[in-house]
Amino acid sequence: MSTPLNPLSMLRAVTDGQRTPKYTPDPRRWRVLMVLVVALFMSLIDVSIVNVALPSIQTGLNASHSELQWVLSGYALTFGIGLVSAGRAGDIFGRGPLFIIGVALFTLSSAAAGFAPDALWLNISRAVQGIAAGLFNPQTIGMIQQYFRGAERGRAFGVFGGVVGVSVAAGPILGGLLIHWFGVAEGWRWVFFVNLPVGALAVVLAFLWLPKPLLNSNRQRDPALAEPALPKQSRDLDMVGAVLLGLAVVAVLFPFLQPRETPLVWAVLFAGVALLGVWLWWEQRYKRLGKSPMVDLAIFQVKSFANGTLLVSLYFLGMTSVWVLVALYFQEGLGHTALASGMVGLPSAIASGIAALWGGRKVATYGRKVVIGGLYVGLFGLAASILVVWLHSMGAANEWWLLLSLAFVGVAQGSVISPNQALTLAEVPLEYAGSSGGIMQTGQRIGTSVGIAVITALTFTVLGFSNWSVALITGFTAIFVVLILALVVGYADLRSRHVGDSPLP
């Protein structure tokens with residue numbers, strides 16, 4: 001009986017038998033991580049600040065509801081278009097240069113957004129911001145994969161997750177303060193200008209500290225201090241695959257980001273599913289022709305990668321809606337200010353940062369159990385929040401008890417996202433680190449967009465015949481169900497792992 005093909009061996013064959021050089025720790029790896037987290041901080045601050053600044057933008061530019069919708073939707077669409085292809089380009093040509101280009105473009109487009117004379121200019125600038133974020137984000141995941149191994153990789157992802165928590169906490173507060181200082185009419189401009197010093201710092205540090213691509217194997221340089229490139233045979237960007245996947249992602253996301261005033265908008269979703277099928281066919285055909293596809297579909301036969309990608313997509317499908325619903329509940333349901341509603345998430349964000357650092361240290365020892373434990377904590381936080389809202393509706397509790405119950409949701413975020421990244425990419429060959437990270441992030445973007453659209457629609461449907469307490473409880477219950485599905489995937493991945501295997505090679 002023939003021995004079944006190992007999916008990792010199938011992937012290695014793409015590089016024409018070449019083996020990834022033996023890992024030796026890069027002495028500058030922690031400085032590389034510092035550069036990555038500076039850029040991450042900038043991009044995440046931008047997202048949370050813009051959410052707070054929408055009323056100010058409406059006042060300052062006299063923007064319509066549709067134009068405000070595209071301030072968010074345009075960014076989300078362009079961000080999702082190029083994640084996988086940008087990751088693949090980084091795998092081929094070197095992640096450092098693409099990271100610098102992406103961060104520089106993000107910084108310049110932030111300046112353009114801040115100086116926008118009208119809503120059209122602002123939305124074009126936001127779309128460019130999305131393209132830039134999609135360019136540098138996959139490089140961050142790829143570089144962590146490249147420069148860290150074993151327990152150190154888990155700690156690096158933990159630091160990464162800690163910065164996520166701090167950014168989420170700082171964004172709404174900083175946005176509220178900037179609008180308070182500079183006024184409602186002009187304060188929104190400063191939520192974009194705040195990116196300029198951070199982006200400039202990230203670019204300067206990247207030029208100084210990021211290793212340069214080692215494009216020529218004959219170059220006399222220490223490989224430990226340079227960024228390796230793929231063999232010449234594998235340096236194929238697969239432009240047709242990139243275009244097909246980009247169009248498919250846009251078509252799938254569009255109905256969930258655009259107000260669905262007509263049923264015809266759902267035809268775009270079906271077109272997206274069809275384009276996704278064409279892309280899968282093309283990638284298989286491209287490989288049969290002996291070329292290197294943008295995504296070698298054999299990677300989905302690596303169970304840890306397939307399970308981890310599905311798990312995090314489900315997690316984002318549910319949990320990202322929590323903060324949308326809480327903001328609506330506090331502002332529209334209870335009449336609090338935007339800054340007050342932002343403060344509700346502060347304990348959660350701090351807890352997320354601490355949990356991410358803890359999870360980064362423990363994931364090498366406990367593996368998938370860290371993620372499963374985080375999901376249980378998230379379920380507890382949701383159940384406790386439902387109880388607080390119900391008791392508040394009965395006059396038996398204060399709404400500010402949500403600061404405590406939602407802190408458990410923050411613990412879940414830190415214990416799930418960063419450790420899951422480390423586990424999901426642990427068995428992915430280095431030559432596919434960027435594109436694989438792009439696949440994960442694309443799943444997160446689709447999960448976020450679909451989840452927010454569906455869960456908020458369910459919440460507002462219930463609100464039509466009930467009150468905000470019942471509507472919020474309904475939305476949180478839907479999120480609870482989605483998180484149960486993610487937990488099932490987590491247990492499936494745990495069972496598929498061999499006893500005694502190291503979680504992080």
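**Chatting through a predicted model**

Colleague: What share of the contacts between residues at least 6 apart in sequence join residues at least 24 apart?

Modeller: In the protein chain that share is 82%, where contact means heavy atoms within 4.5 Å. Bear in mind that this is a predicted model, where local features need pLDDT of at least 70, side-chain atom pairs count only at pLDDT 80 or more, and totals for chains, interfaces and linings use all residues. Residues are numbered from 1 along each chain as its sequence is written, and side-chain values use heavy atoms, leaving out hydrogens and water.

Colleague: Thanks! How many helices and strands are there?

Modeller: The protein chain has 18 helices and 2 strands. These are DSSP runs numbered from the N terminus, with helices (H or I) of at least four residues and strands (E) of at least two.

Colleague: At what angle do helix 2 and helix 7 pack?

Modeller: Helix 2 (residues 29-61) and helix 7 (residues 150-182) pack at about 30°, their axes being 7 Å apart. Axes are lines fitted to C-alpha atoms, for helices over the stretch in contact, and angles run from 0 to 180 degrees between N-to-C directions. Helix 2 and helix 7 are therefore roughly parallel (angles under 35 degrees count as roughly parallel, over 145 as roughly antiparallel, 65 to 115 as roughly perpendicular and the rest as oblique).

Colleague: And how do helix 4 and helix 17 pack?

Modeller: Helix 4 (residues 83-93) packs against helix 17 (residues 433-463) at about 165°, with axes 7 Å apart. That makes helix 4 roughly antiparallel to helix 17.

Colleague: Which residues meet there?

Modeller: Among them are Gly-87 and Arg-88 in helix 4, and Gly-438 and Arg-445 in helix 17.
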